[in-house]
Amino acid sequence: MFELPSLLIVGAKGQLGYEVEALAREEGFTVTALDRKSLDILDPQAVAAALKEHRPSFVINAAAVINPVEQDQPAFAVNTRGAAILAESCQKYGVALVHVSCAEVFGDEADQLLRQETDKAVPVSPYGKSKLRGEELVRAALTRHLIIRTGWLFSARGDSFVRELLEQARHQRCFQVADGLMGVPTSAADLARVILAVIKQLDSGADGWGTYHYCAAEALSWAGFAEAIVAAARQYEELCLEELQTCPQQQLPGRAMPLNTRLDCSRILDVFGVHQRTWRTGLMQVIQGYYSWTP
């Protein structure tokens with residue numbers, strides 16, 4: 001019987017980490033899931049100890065700092081130095097690393113192009129810059145690495161736009177969303193599916209290390225995604241929300257996102273046979289999950 005590789009998931013309490021752990025256990029992987037309280041990835045000795053204790057075949061780095069109180073580079077150390085420490089330890093102990101990055105490593109051009117893995121990355125936000133630097137450090141430290149860039153990740157947990165919008169829509173008549181943004185929503189559960197499918201192939205000897213893009217199918221605007229969330233939620237309850245008001249993202253709190261975060265996912269299809277799934281199915285599952293545990 002084929003034995004699945006053992007996994008160590010870092011950032012296990014986040015949107016993606018939660019879904020990767022749930023699906024991996026369901027599929028029969030041996031899983032160790034650590035959150036930031038269980039493992040400080042900025043501590044090289046702690047990381048080394050975790051690898052020696054659990055002896056995983058793969059580490060999945062789903063840890064990330066997105067919106068720290070201070071929007072400066074030191075605040076994003078988990079995305080940079082943390083990624084480097086994981087990669088260096090994996091290289092030392094012969095462990096492969098799946099490192100999750102994002103479409104925000106690209107610039108702010110308002111074009112209609114799909115971003116390819118080979119396109120020049122020129123991030124404009126501190127978050128995007130930190131994720132790009134993390135990628136560079138992983139590549140420099142570790143041969144057996146897989147970097148997966150995604151975009152507009154969503155779930156019903158944590159710092160999710162879906163959760164934020166639903167909680168506001170239940171109590172407010174108006175909700176403001178950024179205008180002019182184009183991308184592709186991707187459910188955390190869908191990305192978890194892709195990560196585990198690729199790991200199985202790499203563990204079986206596939207020679208596919210490197211950088212890949214994955215997002216769901218069907219691009220739309222950020223405002224259009226908000227409309228889809230509200231429409232799905234109204235199947236479960238009457239919302240207080242009456243208007244989704246678009247405005248320049250500079251007028252809204254939080255980090256500024258690139259105008260175009262659409263990704264070309266042809267390489268991951270060509271190498272691993274991974275097909276994109278529609279985000280609409282994932283959204284309906286997330287909405288159903290949200291109402292199953294929200295009073």
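A polar contact is a pair of N or O atoms within 3.5 Å. The legends below describe a predicted model.

**Figure 1. The side chain of N61 and the backbone of A63.** In this predicted model, the side chain of N61 reaches the backbone nitrogen of A63 at 3.2 Å. N61 itself belongs to strand β3, which covers residues 58-61.

Figure 2. Is N61 buried or exposed? The relative accessibility of N61 is 1%, so this residue counts as buried; the cut-off for buried is under 20%. Residues that N61 touches, leaving aside those up to four places away in sequence, include V10, I41, A83 and L86. The list of residues touched by N61 also holds L97, V98, H99 and V100.

**Figure 3. N61 and I147.** Along the sequence, 86 residues separate N61 from I147. In space, the C-alpha atoms of N61 and I147 are 9.7 Å apart.

**Figure 4. The protein that surrounds these views.** The protein contains 9 helices and 12 strands. Its radius of gyration is 19 Å, close to the 19 Å given by the globule rule for 295 residues, so the protein is as compact as a globular protein of that length. Along the principal axes, the C-alpha atoms fill a box of roughly 55 × 40 × 40 Å. Of the 295 residues, 53% count as buried. Among contacts between residues at least 6 apart in sequence, 81% join residues at least 24 apart.

**Figure 5. The surface and charges of the protein.** The protein exposes about 13,700 Å², and carbon and sulfur atoms supply 48% of this area. The mean positions of the 28 positive and 35 negative charges lie 4 Å apart.

Methods. Residues are numbered from 1 along each chain as its sequence is written. This is a predicted model: local features need pLDDT of at least 70, side-chain atom pairs count only at pLDDT 80 or more; totals for chains, interfaces and linings use all residues. Side-chain values use heavy atoms; hydrogens and water are left out. Helices (H or I, at least four residues) and strands (E, at least two) are DSSP runs, numbered from the N terminus. The radius of gyration is taken over C-alpha atoms; the globule rule is 2.2 Å times the number of residues to the power 0.38. Buried means under 20% relative accessible area, exposed over 50%, partly exposed in between (1.4 Å probe, protein chains only). Contact means heavy atoms within 4.5 Å. Accessible areas come from the Shrake-Rupley method with a 1.4 Å probe; for residues, only the protein chains shown count as cover. Lys and Arg count as positive and Asp and Glu as negative; His and the chain ends are not counted. The place of a charge is taken as NZ of Lys, CZ of Arg, CG of Asp or CD of Glu. A polar contact is a pair of N or O atoms within 3.5 Å; within protein, one must be able to donate a hydrogen and the other to accept it, and residues adjacent in sequence count only if both atoms are side-chain atoms.
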